[in-house]
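Okay, everyone, thanks for coming.

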Protein chains: 2
Amino acid sequence: MTNAATLTGKFFIAGERRGSGEVFHAYDPAAGASIDDIGFFSASDEHLNEACAAAEAAAIAYADLPLETRAAFLDAIAANIEGLGDTVIERAARESGLPVARITGERGRTCGQLRLFASEVRDGQWLKLRIDHADPARTPPKPDLRLRMVPLGPVAVFGASNFPLAFSTAGGDTASALAAGCPVVVKGHPAHPGTSELIAGAIMQAASDTGVPAGVFSLLSGTGHSIGAALVADPRIQAVGFTGSRTGGEALMRIAAARIQPIPVFAEMSAINPVILLPAALSARGKALAAGFIGSLTVGSGQFCTNPGLLLAIEGPELDAFLAEAGQAVEAQAPQTMLTAGIHAAYEKGSAALAATAEVKTIARGVHPTGPHEGRAVLFSVGAQDWLSNGELRHEVFGAASIVVRCADRAEMLDVLARLEGQLTATLHMDDADLDDARALLPVLERRVGRILANGWPTGVEVGHAINHGGPYPATSDGRTTSVGTLAIDRFLRPVSYQDLPSALLPAVLREGGQTGTVTRIDGVWTS
Amino acid sequence: MTNAATLTGKFFIAGERRGSGEVFHAYDPAAGASIDDIGFFSASDEHLNEACAAAEAAAIAYADLPLETRAAFLDAIAANIEGLGDTVIERAARESGLPVARITGERGRTCGQLRLFASEVRDGQWLKLRIDHADPARTPPKPDLRLRMVPLGPVAVFGASNFPLAFSTAGGDTASALAAGCPVVVKGHPAHPGTSELIAGAIMQAASDTGVPAGVFSLLSGTGHSIGAALVADPRIQAVGFTGSRTGGEALMRIAAARIQPIPVFAEMSAINPVILLPAALSARGKALAAGFIGSLTVGSGQFCTNPGLLLAIEGPELDAFLAEAGQAVEAQAPQTMLTAGIHAAYEKGSAALAATAEVKTIARGVHPTGPHEGRAVLFSVGAQDWLSNGELRHEVFGAASIVVRCADRAEMLDVLARLEGQLTATLHMDDADLDDARALLPVLERRVGRILANGWPTGVEVGHAINHGGPYPATSDGRTTSVGTLAIDRFLRPVSYQDLPSALLPAVLREGGQTGTVTRIDGVWTS
């Protein structure tokens, strides 16, 4: 019997620890060295086949469990993750280079998210219950129709490197898919294999303790792309959750679209999250805005999907003063270890390319790094016309790099916003005198972004009911969905109608009077 | 000034009748001859560009109109279609070969559907309003978050040949997209260009009468595939609605997936809609079931997406008697004109291929056709093992052809069902003694179909709140959606969150107390 907090290097197929042969090692980016205490096994195609078969075999039984059992399972995962104590905190911090305090906060977010989805399962409103009663006297006779949402079936989840807990093995995609009643096969991120094993152990223990079939969860490990590609191509997989790069997300989308049965891919990919400083706000509190901006830009070494990679303001002495303040704040920034050697290298390359662009001015750089994979914050500025004429400047550089676009006037600001690709967020900084300007921008922003903020910063995504962490392409692959918050459950559901079924065959929630506690649309009327 | 009921051969761009040069003609399939009273112009790439530009230009203004205006627009379209009187009935019947009575019924369905979406717009529940209030005392402070659904933007709709009114120019896709607040560009089906022009005139008159921007609707005509392909590829188009063949739907899906910004395609494509005769029902009322089956199979010459192309029953004298009854009913079937020469030819080819398959037995054929494009009903049977080993037998033959699969026992019946691709419907015929059998089949059917019927027939799709006219691939391209009923509006919406926005900038429905009449989720609680 392996203690859940002890690493074995094995992955999980339907509750069993598996793996043998060759191993790979985790990497400590702060030390710039591999972590040799344990080797991790890679899943083979046969392991993938077993995991998908187990998920498919568990799909109907899991979907048919009482919702209370499903909710208890999610609650138990949260409790078991907490039960791992410092072991998982230390391992995740070591594998990600993220500070212990950040990982501790992320654990709270992860467990809170699992419990939120447990309460969402109990809430039941996501079943979207609808009943249209029969009218046999009508010509032609009107049938009895009843509708509920059912789970899609097995879901593939790809762990993200930048949130080794909250967007990984038991992160938002896994929590919402399990809440929807879908078995999950996770392709663990090779940057944090130990963290993934610990979390998977917590999930499997929860399944065992709450009577959930073991096939409802598997974790497959590996370093290359082939196992993930095969997972998305597997005919038993019915949807994909992914958080990562645009390149990675688009690769999965292509595989999913090329299947005999194409499946939805929910990929959260790429955003530069424009921040707009409106004139009165800039004039009234440029200094505070500069501090807030650089704080949001550099937190977590800028490795957030909601990192503010673009700031727009109108030229003038207020903007000059803001840039001077922001520049000083950047120069004071200590370097921070980035998540992986690859992310660090891509950041260096991306920020160097911006610095080498003739029309781009480097405003300031952070303190020179000394550690092996430390990222150095950098702030650029460019004129709006130059930004408009150079499409390269619109791409995300993942890390603490941002471009201030100097606009001649409001019209030029609108031109820039109109040229943006889809974004997760847009932020307006405004005072009362800016209201009309803000009102003019809102319809343009609503077409392009998933979340509009006033007088705040886009980093820090609240997990709740009214959050949308999504946005038009390429922020996500499908702007009709969110990957954070309770609406995320909808991604993994589809409607089924039952026509004239005898009551004995109807799901209990669709029988007369069976809709305990949920708002049901009965003959068109929303009824509690 | 052209009378709305007078054909000009022109298409519509943002309220203007357009077109010049070469013409194509409609075709009367019953006469087997083109309809030469009027020639129809084809839209060019430049026309497409103008239509998409007009749709994009109208998008924000249309989305921001009061919901009551949007609803009045839909109501006015219905009234204007009725105002066309017999002109549109006669034209649609002539262009489709469908009987006047059927087209008259379809007009009722079309106008009812438009009015249902008008009432849905007023209902407002589709806005999915959510409010999470701020908690500044929390660490970290909790922001104020408010969420609503917004329209995706311009939608391309492809008219279907088999419902020249209800699934075409002002059909379900158009009605639900307009209800969602999306401008629509219709690619008219070349099989009914006159019908499309008349309906488009009714839409444009309604826009003009209700103060809706003319760019909210365009109709582009043409006979080839190029204009439709260019429409889906146009960067201003944000979603696609399509009803038609699997080949056509998959072609559009490929174009949509290959865009720089991939977009969702809602294609309703292909189904064989299994009907399962459980033993007690078959034994008790085989004769009535045979009559019902052949009625459902042959109505409208079998040209329905929900046509029962597959019937399963267990071998025995009851099945033999059923087949004899069904065969007699088929033999009595008069031939019926099919929609187009192409559909007729494909039906002939598909049913001939089945007849020529060694293991397939031809049970009966309808009366020999005499008209130019008449389809002849045909009923086949095959053993379950033969069906399982020949993948060709699983494909839809669009028209009044169906295969009865003779199963040795319940296990073989389950094997057949487990091998089915996604379906729009599955139908169970059962008596009380069949309940356990039905219960065992339900979870298998729920994984594969969008609507499950008991003791009815799948043709005839109720337009309401609890209907799902969708299903897993390839029944539709996205089994998470329906193309009929009020849930269809969700296809064209996406969420936007507003974080800490001043009340003055919030949409009125998201201000405190602004949620008149809709159930709103406030701090997690569903509140009326």
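Before anything else, a term I'll need: buried area is the accessible area, taken with a 1.4 Å probe, that two parts lose on being put together, summed over both. And keep in mind that this is a predicted model.

So, what are the two parts? Chain A is divided into domain 1, residues 13-269, and domain 2, residues 274-454. Taken over C-alpha atoms, their centres are 33 Å apart. Where they touch, domain 1 of chain A brings 17 residues and domain 2 of chain A brings 16.

Now for that buried area. Between them, domain 1 of chain A and domain 2 of chain A bury about 1,200 Å², and 59% of that is on carbon and sulfur atoms. Which residues of domain 1 of chain A lose the most area to domain 2 of chain A? They're A:Pro29, A:Asn162 and A:Glu268, together making up 32% of what that side buries.

What about specific contacts? Between the two domains of chain A we count one salt bridge, plus three residue pairs in polar contact. If you look at the side of domain 1 of chain A that touches domain 2 of chain A, its residues split into eight nonpolar, five polar and four charged. While you have the model open, find A:Arg246 and A:Glu421: they form a salt bridge, with the closest N and O atoms 3.2 Å apart.

Last bit, from the records. An unreviewed UniProt entry lists "domain: Aldehyde dehydrogenase" for residues 22-464 of chain A. In the model, that span is 45% helix and 20% strand, and its end C-alpha atoms lie 42 Å apart.

Note on methods: Residues are numbered from 1 along each chain as its sequence is written. Chains are lettered from A and ligands numbered from 1 in the order in which they are written. This is a predicted model: local features need pLDDT of at least 70, side-chain atom pairs count only at pLDDT 80 or more; totals for chains, interfaces and linings use all residues. Side-chain values use heavy atoms; hydrogens and water are left out. UniProt positions are given in the numbering used here, feature names are shortened, and annotations may be inferred rather than shown by experiment. Helices (H or I, at least four residues) and strands (E, at least two) are DSSP runs, numbered from the N terminus. Domain bounds come from an automatic or database domain assignment. Contact means heavy atoms within 4.5 Å. A salt bridge is a side-chain nitrogen of Lys or Arg within 4 Å of a carboxyl oxygen of Asp or Glu. A polar contact is a pair of N or O atoms within 3.5 Å; within protein, one must be able to donate a hydrogen and the other to accept it, and residues adjacent in sequence count only if both atoms are side-chain atoms. Ala, Val, Leu, Ile, Met, Phe, Trp, Tyr, Cys and Pro count as nonpolar, Asp, Glu, Lys and Arg as charged, and the others, Gly among them, as polar.
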